[in-house]
Amino acid sequence: MALPDVLDCSRAELDAWCAARGIPAYRAGQIATWLYRQDAREFAAMTNLPAELRADLAWSFRIGLPELVRVARSSDGTRKLLLRLDDGATIESVLIPDGERLTLCVSTQVGCAMGCAFCATATLGFGRHLRRGEIVGQLLVARALVRDEQERHEGPERITNMVFMGMGEPLHNYAGTVGAIETLTADWGVDFSHRRITVSTVGLVPEMQRLLADTQVNIAVSLTAIDQDVRKRIMPVSKKYPVEDLLAACRALPLPRRKRITFEYVMLDGVNDAPAQARTLARALRGIRCKVNLIPFNPFPGAPFGRSDDVAVARFQDALRNAGVHATIRESRGPDIAAACGQLVAEEEPRRARAHAGDVR
Ligand code: SAH
């Protein structure tokens, strides 16, 4: 049987492991520093620990970093990382440069159980939750990649922002997501600012409330339709949490000062992109401190929707703005490598890219 992954441990668990061996707690701090600040890939590299402790660690744990299988590069600078986990399952993370920012988009599940009709990940069905360490591991692998590239003078950058918007529904995997956020933001861990982390959800109401109580990260809600009948059809989660209840919960969320909720709205041609729907949306959002991020639909093979054209998107944005709602349009990043929102399926073989290029060999 595989040893437990040390990256799954909270600080309290590392402390307890040390205490059980009569090892002082500051050693747990040193171990975490090696893992999260100094990119140690094996316990033997932790040179300020006694040899006996290093051996004991190696008997007790593995360092379960995901394996980087492939990096796909988009003409716009976006990189999509295909990662293989211990059990052979594959996931994707995406690095998105944007001016001074470099955002890492992480996955939280293998596949997804939510079944949104417009999302490629949903076609995979649900595989499993990612463990805390597998979510944190995506940052560690991506950070090492960025550092390598920097040494070869290929990019300026370091990862400045993180979004939980890859494969899976983060709040369905509540324990994994919140555990990862703890390691990522703790001063004993990665020490990433919670202000630069955004968790996106289909709108699991109780877990949204818990997330706000348990962490200080930003929250984004994938609304996509304001009409309950339409939303129920394209986002099955609406059967459990109808639009009205979801918005009532958002209105009641105890948002910290200066924070607002982002509502994501995937624009589907002829389904949810009429100006009248924008006006209904604006009315429904009254009293919620928020902004709306419009995401023109990114197609995938077999998708039963079309992308709203630029005119429809602009008109929708105008209607929202005229009604006093802050509305932005999310540019599609990495569509040529199927890295854009809703296109992640973690294929081992780049099947679609080949088909597009017409190169079937
Ligand atoms: N499960 C979470 C996070 C993953 S999806 C959530 O749903 O919020 C991240 C964003 O991509 C969501 O806002 C989702 O609505 C959007 N999205 C999904 N499929 C899309 C597609 N085909 N085109 C554009 N955006 C899409």
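## Sheet, ligand shell and salt bridges in a predicted model

Strands β1 and β2 (residues 79–84) run antiparallel and are joined by six bridges; two strands count as paired if DSSP finds at least two bridges between them. Strands (E, at least two residues) and helices (H or I, at least four) are DSSP runs, numbered from the N terminus. The model is predicted, so local features need pLDDT of at least 70 and side-chain atom pairs count only at pLDDT 80 or more, while totals for chains, interfaces and linings use all residues. Residues are numbered from 1 along each chain as its sequence is written, and side-chain values use heavy atoms, with hydrogens and water left out.

**The sheet**

- Ten strands form an open sheet with mixed pairing, in the order β1-β2-β3-β4-β7-β8-β9-β10-β11-β12.
- Because β1 (67–73) and β12 (327–329) stand at the edges with a single partner strand each, one side of each is left without a neighbour in the sheet.
- From one strand to the next, the twist averages 25°, with axes taken as lines fitted to C-alpha atoms and angles running from 0 to 180 degrees between N-to-C directions.
- Strands β8 (residues 197–201) and β9 (residues 218–222) pair in the parallel sense over four bridges, and Val199 stands opposite Ile219 in β9.

**The ligand**

- The ligand has 19 residues around it, of which Phe118, Glu169, Ser200, Ser222 and Asn298 come nearest; a residue counts as near if one of its heavy atoms lies within 4 Å.
- The shell divides into ten nonpolar, seven polar and two charged residues, where Ala, Val, Leu, Ile, Met, Phe, Trp, Tyr, Cys and Pro count as nonpolar, Asp, Glu, Lys and Arg as charged, and the others, Gly among them, as polar.
- At least two residues of the shell come from each of β8, β10 (261–267) and β11 (290–296).
- A nitrogen atom of the ligand lies 2.7 Å from a backbone N or O atom of Phe118.
- A polar backbone atom of Asn298 is 2.8 Å from a nitrogen atom of the ligand, and one of Cys341 is 3.3 Å from a nitrogen atom of the ligand.
- The protein buries 96% of the 530 Å² that the ligand exposes when taken alone, by the Shrake-Rupley method with a 1.4 Å probe.

**Salt bridges**

- The whole structure holds 20 salt bridges, each a side-chain nitrogen of Lys or Arg within 4 Å of a carboxyl oxygen of Asp or Glu.
- Arg11 and Asp15 form a salt bridge, with the closest N and O atoms 2.8 Å apart.
- Arg11 and Asp15 are separated by about one helical turn because they are four residues apart in helix α1 (residues 11–20).

Definitions and conventions
A polar contact is a pair of N or O atoms within 3.5 Å; within protein, one must be able to donate a hydrogen and the other to accept it, and residues adjacent in sequence count only if both atoms are side-chain atoms.
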